[in-house]
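I went through this model entry by entry.

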Amino acid sequence: MPTSTLQPVLAAIDVGTNAVRLELARPDAEGSLETLHQERDPIRPGEGVFASGEMPKETADRLLSTLRRYAALCRRHKARVRAVATSAMRDARNREEIVRRVRDEAGLNLEVVSGKEEARLICLGVLHRKPAHTRSLLVDIGGGSTEVALATGERPDELWSLPLGSVRLTEMFDAAGKVTPKQLRLMRSYVEEQMRKAIPERLPNLPRVALGSSGTINAVVGFAASEGTGHASMRQLTQTVETLAEMTPERRRKRFDPRRADIIVAGATILERVAKHLGVESVTGVNRGLRDGLLVDLLYRQDTTREDHSLADAAVSMGRRLFFEEKHARQVAALALTLFDELASLHNLPLSCRPYLEVAALLHDVGNAVSYERHHKHTYYLIHNGDIPGLTDRERELVARVARYHQRSPPELNHSGMQGLSAAEARLVRKLATLLRVANALDSSHHQPVKELRAVNGRDAVSLHFKARQPVDLELWTVERETALFRRVFNKRLTLHVGR
């Protein structure tokens with residue numbers, strides 16, 4: 001195939017608790033991913049983090065050495081990279097210093113993703129191209145956390161992340177060596193307690209078979225399963241936990257990779273208790289996971305023709321938890337997206353910014369959950385510190401800024417709320433926030449009087465033509481107050497035309 005027709009190489013870097021992994025892949029014409037190169041370095045980034053609360057300098061140095069090599073490989077392939085760190089880095093007090101070192105020394109933007117974002121990516125990797133109506137239950141046991149996802153097709157319906165991991169549990173209960181019956185009993189009780197706190201017991205309509213996507217789960221299922229079946233029943237999992245706990249450390253190291261052997265009892269215990277809590281009949285091991293999800297996510301992000309409602313669904317889910325006014329939020333989001341789409345030649349923003357506006361519009365009033373007074377500032381805080389699977393930390397920050405400026409002080413470059421943004425980010429926030437302010441003004445009454453909106457980008461002015469199902473005096477007055485800002489940002493007048 002001529003070089004000019006090749007798709008760009010995609011690179012996924014996963015900084016886990018047990019190991020650091022790299023995968024390079026190239027999408028083909030059908031959207032499948034062909035693996036070009038894989039690496040795994042078992043440097044244990046999470047070693048000691050759960051006990052001490054921070055990553056030791058020697059571990060950080062090992063991590064930086066590995067990531068510098070990975071970055072060089074990515075540059076050689078001119079790859080589009082997404083690098084994420086999971087549970088161990090989430091728990092490390094010195095994570096910001098390590099992220100800064102990775103950026104400065106390796107040239108990589110390392111995202112410390114939330115547990116729910118980790119679960120979403122794992123779900124995407126394991127379930128990529130699943131039939132749209134297939135229901136799946138997914139479990140992934142990492143070194144520091146366990147992720148559980150319930151999905152339809154490849155789209156997650158529910159995501160949970162629990163502070164249960166094979167390394168974390170091993171360190172908590174000193175289970176790397178000989179495991180006594182008392183230790184095993186305590187571990188099982190602890191896992192059950194964490195499960196009860198996080199996930200409702202025996203959720204309705206769950207699949208009877210869970211998919212297990214991690215190396216730990218594959219090792220446990222491989223040990224427990226009947227020869228060649230690839231799946232283990234609940235009875236087999238329970239027997240496996242008992243057998244592994246009774247083994248001497250030496251015997252476990254003969255059966256498993258030495259580093260896996262140290263944490264296998266904890267991993268098996270987590271899997272058994274999670275499966276029991278969920279009420280499944282068996283667990284099937286699969287060989288896809290977080291890295292695959294990162295690659296699929298990169299693939300989808302570069303496909304501007306693909307419709308994906310999962311981010312909006314995540315925003316609505318967050319809004320409902322904060323008791324937002326859903327009809328108003330959805331109306332403002334619909335109006336804002338109409339403005340974005342029909343005024344593309346005016347704002348000149350890439351299509352990839354459209355989801356930022358949608359999420360900001362859906363969540364612009366969630367600050368009311370704290371207080372109506374200065375709720376725009378509370379909105380910023382809630383989004384900035386929220387968990388919205390599908391957004392990176394920086395993307396979430398931009399969304400929070402856009403939502404913060406939906407009312408009151410305009411997003412002027414010298415305003416305190418604009419500090420810390422690059423010039424390009426500041427332009428993006430100003431433009432999206434201005435569109436959001438107009439959309440919000442068009443539902444000032446919160447009664448959704450506007451039933452149809454059309455925006456026309458003329459030579460000297462932007463004309464908004466809308467049909468109303470009831471009087472819109474308040475909306476007209478409020479939009480009029482936004483025209484001065486609109487002109488400063490877009491250098492055009494804003495005119496209104498109402499019809500029935």
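**Entry 1: ground rules.** I worked on a 1 Å grid over the protein atoms alone: a pocket is an open set of points with protein on both sides within 12 Å along at least five of seven lines, a cavity is a set of points where a 1.4 Å probe fits but cannot get out, and lining residues have an atom within 4 Å of a point. Grid points are joined across faces, edges and corners, and a volume is the space filled by probe spheres set on the points. This is a predicted model, in which local features need pLDDT of at least 70 and side-chain atom pairs count only at pLDDT 80 or more, while totals for chains, interfaces and linings use all residues. Residues are numbered from 1 along each chain as its sequence is written, and side-chain values use heavy atoms, with hydrogens and water left out.

**Entry 2: largest pocket.** I looked up its volume and got about 970 Å³. The lining has 30 residues, and nearest the centre lie Tyr-300, Arg-306, Glu-307, Asp-308 and Pro-355. Two or more lining residues come from each of helix 5 (115-127), strand 8 (155-162), helix 12 (290-301), helix 13 (310-321) and helix 16. I take helices (H or I, at least four residues) and strands (E, at least two) as DSSP runs, numbered from the N terminus. Helix 16 gives the largest share, 4 residues. I sorted the lining into 12 nonpolar, 6 polar and 12 charged residues. For that sorting, Ala, Val, Leu, Ile, Met, Phe, Trp, Tyr, Cys and Pro count as nonpolar, Asp, Glu, Lys and Arg as charged, and the others, Gly among them, as polar.

**Entry 3: second largest pocket.** This one has a volume of about 730 Å³. It is lined by 20 residues, with Glu-96, Val-112, Asp-393, Arg-394 and Arg-396 closest to its centre. Helix 4 (95-106), strand 5 and helix 18 each give two or more residues to this lining.

**Entry 4: cavity.** How many cavities of 30 Å³ or more does the structure hold? I found 1. Strand 5 (110-112) and helix 18 (393-404) each supply two or more of the lining residues. I count 4 nonpolar, 2 polar and 5 charged residues around this cavity.

**Entry 5: nonpolar cores.** I define a nonpolar core as a set of buried Ala, Val, Leu, Ile, Met, Phe, Trp, Tyr and Cys residues joined through side-chain atoms within 4.5 Å. Buried means under 20% relative accessible area, exposed over 50%, and partly exposed in between (1.4 Å probe, protein chains only). The largest core has 63 residues, and Leu-339, Ile-388 and Leu-432 have the most contacts inside it. Helix 19 (residues 423-441) provides its largest share, 10 residues. Another core lies apart from it, with 47 residues, among them Leu-162, Tyr-190, Val-191 and Phe-256. I then checked Ile-388 for contacts (heavy atoms within 4.5 Å). Not counting residues up to four places away in sequence, Ile-388 touches Leu-311, Ala-314, Met-318, Val-359, Leu-363, Ile-383 and Arg-396.

**Entry 6: helix 6.** Is helix 6 (residues 166-173) mostly covered or mostly open? It is mostly covered, with 6 of its 8 residues buried. Those are Ser-166, Val-167, Arg-168, Leu-169, Thr-170 and Phe-173. The cover over them includes helix 1 (49-52), helix 3 (87-91), strand 6 (135-141), helix 7 (181-198), helix 8 (215-224) and helix 11 (258-278). Asp-174 follows helix 6 and has a positive phi, near 50°.

**Entry 7: two loop residues.** Lys-78 is not a glycine, yet its phi is positive, near 50°. I place Lys-78 in the loop between helix 2 (57-76) and strand 4 (80-85). Its relative accessible area is 72%, so Lys-78 is exposed. Arg-374, also not a glycine, has a positive phi of about 55°. Its loop runs between helix 16 (354-363) and helix 17 (375-384). Arg-374 is partly exposed, at 48% relative accessible area.

**Entry 8: His-347.** I found His-347 in helix 15 (residues 344-347). His-347 counts as buried because its relative accessibility is 1%. Its side chain reaches the backbone oxygen of Phe-340 at 2.7 Å. Leaving aside neighbours within four places in sequence, His-347 is in contact with Phe-340, Lys-431, Leu-435 and Phe-490.

Note on methods
Polar contact = N/O pair within 3.5 Å; in protein donor to acceptor, adjacent residues only side chain to side chain.
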